[in-house]
Amino acid sequence: MLEKAKHADPPETRFIAPGHTFGSVTEKISSAVLTKRTPVSWFIGFAVGFALLQALALGVTWILVRGVGLWGLNQPVGWGFAIINFVWWIGIGHAGTLISAILLLLNQKWRMSISRAAEAMTIFAVMCAAMFPLFHTGRPWLAAYWLLPYPNTMSLWPNFRSPLVWDVFAVSTYFTVSLVFWYTGLIPDLASLRDRAKHRLLQIAYGVLSLGWRGSARDWQRYELASLLLAGLSTPLVLSVHTVVSFDFATSLIPGWHATIFPPYFVAGAIYAGFAMVLTLMIPLRRIYGFEDFVTMRHLENMAKVMLATGLIVFYGYQMEAFFAWYSANPYEWFMMKNRWTGPYAYLYWTLIFCNGVAPQALWFKKIRTTPLLLFGICMFVNVGMWIERFIIVPTSLSRDFMPSSWGIYHGTRWDWMVFVGTMGLFLTCFYLFIRVLPMLSIFEVRTLSTSAVAKEESGHA
Amino acid sequence: MSNLDPSALRARLASTHGPTYWRSLEELADTEEFRRHLQREFPATAAELSDPQGRRQFLKLMGASMALAGVTACTRQPAEKIIPYVDAPEELVPGKPLFYATALPHGGFATPVLVESHEGRPTKVEPNPDHPATRGGTDVFAQGSVLTLYDPDRSRTIREFGEIRSWDAFVSRMQGAVLAQKATGGAGFRLLTETVTSPTLGSQIEGLLQTLPGAKWVQYDAISRDNARAGARAAFGRDVETRYRFDQADVILSLDMDFIEDGPGRLAYARTFIDHRRLVDGRTDMNRLYVVESQLTNTGAKADHRVAVRASDIEHVGRAVAAKLGVAGVAASALPSGVDGAWVSALARDLSAHRGRSVVVVGDRQPPVVHQLAHVINATLGNVGQTVEYTAPVEVQPQVQVEALRALAGEMVAGTVEVLVIMGVNPVYTAPADLEFGERLKKVPLAVHVGLFEDETAPYCRWHVPATHPLEAWSDLRTFDGTVTICQPLIAPLYDNNKSAHEVVAALSSAPTQDGAEIVKAFWQGEFSAPSGRFGDLTNVDGQPFPDFDPFWRQTLHDGFMVGSALAATDVTTTSAPVPPPSRPVQSSATEITFSADPTVYDGRFANNGWLQECPKPFNKVVWDNVITMSRAMRERLGLPKPDLLEQWAPTVTVRWKGREITGPVYEQPGQPDHSINVQLGYGRTRAGRVGNGVGYNAYGIRTTDAPWFGVGAEIAGTGEWYRLASTQTHFQMEGRNLVRGASLPSYQGDPGFAKHAEHVPPYEETLHGNEWKYDKGYAWGMVIDLNACTGCNACVVACTAENNIPIVGKDEVATGREMHWIRIDNYYQGEPDHPRSVETQPVTCMQCENAPCEVVCPVAATTHSTEGLNDMVYNRCVGTRYCQNNCPYKVRRFNFYLYADWNTPTLKMARNPDVTVRSRGVMEKCTYCVQRINAAKIQSELEDRVVRDGEIVTACESACPTRAITFGNINDRESRVAKLKNEPRNYGLLEDLNTRPRTTYLAVVRNPNPELAPEGGQGQGHSG
């Protein structure tokens, strides 16, 4: 009923339900943090996440003790779940950066309600992603620092020609900038929490974290500048990080990897996957915490439109891969494509085409874009589809390359799954902690969307 | 600043012209002190930085304190003692290997070898290139023997009923037993050995039999040559050894003989056969090989025309050929299905067109009549004395072994066997199942088992004596041509109680405590002082007699063979007895079963050898198992599901034959004749050791005395169960890629460079970046592999394993796809799946690409290029991202997914090559062209102030290769063998269109089909890229 009512709400320019004031916004969002009554659903969600986190601890410990042989890797498939998961998680992170940086620069106000959660998602996703390149190595205790350029007595440097070294720079930069951006955005809200907290300890904690924010004009002026600068820094990262990740494949010579289409196609895929994940998180959250007023149907619809656009780019990418495999007249490339269609992993390829290519076509319909449950379902298809896409790229290409004598097959083992599911546990644990102790929507930004802000602005103009 | 002199200041001001500004009196005074102050940019501590003493002091202190802080975290290194030699062994320079010539027994015959010894530890078997019979070359068994020597499961104690006994106790017990036997003339005494060619052991046994005239000596090899012996007896009325001269043969017909892999002459035969079809140095003619065989063998894969028929049908093919050739007294019998009359006619015409230059050879599995037939055909074709020679038997006492064993088993039941000494044989495992040898052995009151392991036979015997390994004991052996090699030990027996066969036989004699060295030397001293003539003239290479025994002995030991001891060809006369009438043809739908020795564990004696278990068997590439081989058609008729090669699962079947049954996994083998299954002996052992126990099924379980090699009437039924079958190759089609390139001889003659034309190779100059390194100075290492010479025998694979400390990983890891071999033999079929037109083998190692795709992607530069063109691996630096492996188009890199190397077993540590790093977990590894050998040779050449000579560096694979298919060297040296081979028109690089610029290149395959047969049949015809 409520949804219908809002749907009928005429002002298309508004990204917040009518009737909200500064006070009501602040109250609503901060109370989710400052309340003493934690929702039962939070406990359930956190417990699930924390339990899965234990799988990660077990999996990683045993990998360190025994070796990566626990995973299904072999000759010829040297990369498997770890790299798939790495690319998948990194891709997911991209939506957060896009929302907070590019949409900020483009002055898209609707981003304000979702940017905080999306940025948090970015950070946790990058944390999950970063684990894989490290633990997938044979000797992670050495890989942890030998890939960094540090001066040493043997004058040994990393090989700067290797895309893996580029990855190190790309991912660490990405993580650092995202973290700083996120934290900067949190400062005014942390100050609000400090001011509203009743408990002395909370006051101190939020007080320290808010870095002495007083809300003065000078504070705001500096804040705006910093945000703008960080947004400027982040913007190229949205494009560069996944481009560099795609170089891991594109610069190699394996059929199915060696493709110039990879950088744009990876970036589009990342945004696609990222928005799917933002929606996957926001649709239940807005329901549970009653944030339908702030994350409105228009938000969902806008995100669905972004998904549709990027999904079409990705689908175009699949078609171009196939076209060029044929058009290049390269027997290895063409075989690779036929192998995807009819080889041992064909069932995955066609699942991928359905999940990423066919299912999202439903988003052309407004009805589906504005029905959260259906939208959630489409997003799940995309989440799975994007994971399968990386499976198709990584092990399928490797399992049958140039020498038929060395062809093989790859299957994830229970250890592969354990670590993958474990990182979901890490993600959920972090995310649940985040929504419990930090405002999951940006209070001060949502305030600017509220009626009183609009009124102020209008009166200012008049 | 207090001691400024005002008058001096004034004077200074007065001496200047114009306005002078000063900031302080000190500046005005320009004192020394002021100048110092001015120089100090950061007056407080700055000088410390520019003062070398102070800075160094600071860094030293900081470094020392950090080092001290770090030291606490270090593990304490274990205390190791360095014990110097009190008496340094002769010629031993620590760190430099020594090589000794000796021979290893195989089926009783010698495989002449040189053995590399590091500080007294034999680590690697190399061929003996000077040996007149083989001229180098080794096989998998010789290469794997080092691991058996150090096998931790070897038996090490003398036991009676399982209780530990001393050697003296054993000797006195034996003396007593022999004494008791003397009373009856030895009627209850039996000796069971393998085939014996050792002159010393033979004379010892003959001496023993003289003192015990009633005693009997039985020889038994599960892989016996009974049929060849019986065939020769039938043809010539006496025992003769047949020797082939493939170097003289232009047309060869093999009737089920895998002369490349089987039999005592295999190394020499492979070499001479291949030498006669080596298309190098402008040679454009080659021999032609026809093979009619009952299973796909390495010989069949090299055939120009191959026909697969059941073993039972081969006799009829032979008869048809003989009839066409007009051999007297042989009538043509009906040809089995699958053999074309035109094919036989063309073959016969080809043979008769090459009288005296052709040869018909027969495998040991074919019944005597086929051997007899071949002798007659060869005589008719005038081949005797040309391509076939007959000599006196090499064995001390030729026997039809299975008959002798059957007789022995009968006596055991009758209870007339009182003392049975079993040496080197494992009859409880290998004897035909119908003899029930184990049960009967229990009836022998005093059974003695002498063996390397406490194997299946040991628990049935009262006594067990651990035997020495051939690398631990003195002995002597003869090669197939009779050339004698004195076997010298490379190491003292690892365990004190291990005794050689000579010592055990001596324990039965009147001089029971002689040691092996004395026995062997005494025999040859006797032979030297009073030559029997059986071993030639005992002269040196120039035909001059030795002045006395010592130089003779030293020379013979040094060379690894006794000059002129080969048996001379003798004239034979065919008996008047005609070739027996043809046996009744077997119904074409009857199911035949054939037995064969396993290609890697042989008769089962190598079952506990991990190197050989993990060596992929030719063609099916299965490891750690034997299979039940059948054709696709047969599998479908039986209603069995298709084996899943990709996921490495196979359906199992039960084979019921003569009332016994076995169950094993099915392998669908292209080239296997229809209506025939093949089972391999040597598996299903129960007391082989930790490696070999419970691996595979035991085919001896259904093998009987009346049909040791093949027979019809097997019943096969699927069990409905699946079995994990690990194999290193799962796809055998080339998918239209130009990996193995080949042509028929006429098209090669028309276009010698056909292989180069198959693919576009980017020119070296075509680059955006400029060529970083031209490799035009100094050494540029390269390799050429002649695919026309490769027989796929696997010797290189095991040699590489031994040389490079390559770990074994076990069946499950191989099934996952994690085998560690640095060199592999790829195998491709062409043509129809059931009747492949050709079967190609291609050894693949690291190509040492000049533009190596693996190097650019390594993030830590753990694999880099040397100035000499090697793609080096820095194991210490590798963090194991496996990116290099992914980016290697040849897929030759191997990753240590777990800690595969055995770091704990002490004896296995002794087997390691000290020049090669033992890799740890998480590290990538691969072929390095045996860089340790390259560096050893370079160091030596630098000491001698010269360049490395061509052929001075021989990689392990190259050295092991019996057919010299692999050549390594410096391609910058225009005169080197490898540089010349690279100029051959057949030379091409693998996947060269990727611009990897591989340093290893291949010489394309050329087949020589009969022009009469080539157009329609196309059997065995080469294929163009």
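Tutor: pLDDT is the predictor's confidence in each residue, from 0 to 100. This is a predicted model, and in chain A that confidence is lowest in helix 1 (residues 2-7), at a mean of 42. Helix 13 (residues 346-358) of chain A has the highest, at 95.

Student: How many residues of chain A reach 70 or more?

Tutor: The share is 94%, and the mean pLDDT of chain A is 89.

Student: What makes a residue of chain A part of the contact with chain B?

Tutor: Two residues are in contact if their C-beta atoms, placed from the backbone, lie within 7 Å. The contact takes 40 residues from chain A and 44 residues from chain B. On the side of chain A, helix 6 (140-146), helix 7 (163-196) and helix 12 (331-342) each supply at least two residues. By class, that side of chain A has 23 nonpolar, 13 polar and four charged residues.

Student: Why are strand 5 and strand 7 of chain B said to stand at the edges?

Tutor: The sheet in chain B is open, with seven strands in the order 5-4-16-15-14-6-7 and mixed pairing. Strand 5 (163-165) and strand 7 (216-219) each have a single partner strand, so one side of each is left without a neighbour in the sheet. From one strand to the next, the twist averages 20 degrees.

Student: How do you know that strand 4 and strand 5 of chain B pair?

Tutor: Pairing requires at least two bridges between two strands. Strand 4 (residues 158-160) and strand 5 of chain B have three bridges, in the antiparallel sense, so they count as paired. B:Arg159 stands opposite B:Ile164 in strand 5 of chain B.

Student: Which residues make up domain 4 and domain 5 of chain B, and how many of them are in contact?

Tutor: Domain 4 covers 592-724 and domain 5 covers 742-1007. Their centres, taken over C-alpha atoms, are separated by 32 Å. In the contact, 17 residues of domain 4 of chain B meet 17 residues of domain 5 of chain B. Helix 21 (610-613) and helix 22 (632-637) of chain B each supply at least two residues of the domain 4 side. The largest share of that side, three residues, comes from helix 21 of chain B. The residues of the domain 4 side divide into nine nonpolar, four polar and four charged.

Conventions
Residues are numbered from 1 along each chain as its sequence is written. Chains are lettered from A and ligands numbered from 1 in the order in which they are written. This is a predicted model: local features need pLDDT of at least 70, side-chain atom pairs count only at pLDDT 80 or more; totals for chains, interfaces and linings use all residues. Helices (H or I, at least four residues) and strands (E, at least two) are DSSP runs, numbered from the N terminus. Ala, Val, Leu, Ile, Met, Phe, Trp, Tyr, Cys and Pro count as nonpolar, Asp, Glu, Lys and Arg as charged, and the others, Gly among them, as polar. Axes are lines fitted to C-alpha atoms, for helices over the stretch in contact, and angles run from 0 to 180 degrees between N-to-C directions. Domain bounds come from an automatic or database domain assignment.
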